Amino acid sequence: MVVRQPVSRINKGLVLHKHVLTGLKQHNVVWNMMATTSSFRGPVALIEQGTHHIVGVAYMEDCQGPLTKKFLEDKKEFHGFSKRQVKAGGLVGKSYRWVLSEAIFFEKPLPFPRKNGQNVWANLEVKTRKDLARYLTEVTLPKTAQDAKEGPQNRNKRRNSMKPS
C-alpha cells in the first residue's frame, strides 16, 4: 500500500501545456512526456502554462525513461501522440514519462502569484499553499471518472500495463 502525502500539503506546482491538461482531464493521457527525469513524487498543483492559475491537483507517481521509440509507438493511449507523430519525431528529446494520477480539476481556477522563469516547477509560497488548502476543503473533490468506473483490481492492471517490458 502506498502512503500518500495529504493533498492539503502541496508545496510545488507543475506547469503544463493546455493540451496536456485537457488530456489529463479527459483521462486519455496519464503521462507527461519530458526531456528530463524527476525525483519528485507526491501531490502537485497543476498550473496551466501562460496563466497564473492553479487549475487542479494530481499525484506525481513515477518518472521512467529513457523510453524507446517502439515502446512509445505501442503505448499511444497513455501519452496522446499518434504512432505517426512518434515515427515522425513528435517526441524527439522527450523520452521520459512523468506518470500523473488521480488528477482532479477545479470548476474555478485558483489564481496565484507566479514568478517569471518558472518553466516546469513552481514553488508555491506560504500564502498560496494556505489558499490552496482552504480551497480544497471548500470544494467537494470528486473521484476521477476512470477510478469511479473501475475497481481497484482493474486500476492496478492499467497501471501495470504502463510499465516498460
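At 14% relative accessibility, Tyr135 counts as buried (under 20% relative accessible area with a 1.4 Å probe and protein chains only; exposed means over 50%, and partly exposed lies in between). The model is a predicted one, in which local features need pLDDT of at least 70 and side-chain atom pairs count only at pLDDT 80 or more, while totals for chains, interfaces and linings use all residues. Residues are numbered from 1 along each chain as its sequence is written, and side-chain values use heavy atoms, with hydrogens and water left out.

The protein chain holds seven helices and six strands (DSSP runs numbered from the N terminus, H or I of at least four residues for helices and E of at least two for strands). Their order from the N terminus is β-α-β-β-β-α-α-α-β-β-α-α-α. Of the 165 residues, 43% are buried. Among contacts (heavy atoms within 4.5 Å) with a separation of 6 or more, 78% are between residues 24 or more positions apart.

Helix α5 covers residues 126-138, and its 13 residues should span 18 Å at 1.5 Å a residue, which agrees with the 18 Å between its end C-alpha atoms (the expected span is 1.5 Å times one less than the number of residues). The buried residues of α5 are Thr128, Asp131, Leu132, Tyr135 and Leu136. They cover an arc of only 135° around the axis, which puts them on the same side of α5 (the arc is taken from the directions from the helix axis to the C-beta atoms). An α-helix has 3.6 residues a turn, so residues three or four places apart point the same way. The buried residues of α5 pack against β3 (42-48), β4 (53-64) and β5 (96-111). On the other side of α5, Lys127, Lys130, Thr137 and Glu138 are exposed.

What of the aromatic rings? Three aromatic pairs are counted (rings of Phe, Tyr and Trp, the last by its six-membered ring, with centres within 6.5 Å; planes under 30 degrees apart are stacked, over 60 edge-to-face and the rest tilted). The rings of Phe106 and Tyr135 have centres 4.9 Å apart and planes at 75°, so this pair is edge-to-face. The pair joins distant parts of the chain, with Phe106 in strand β5 and Tyr135 in helix α5, 29 residues apart. Phe106 is buried, at a relative accessible area of 9%. Elsewhere, ring pairs link Phe40, Trp98 and Trp121 into a cluster.
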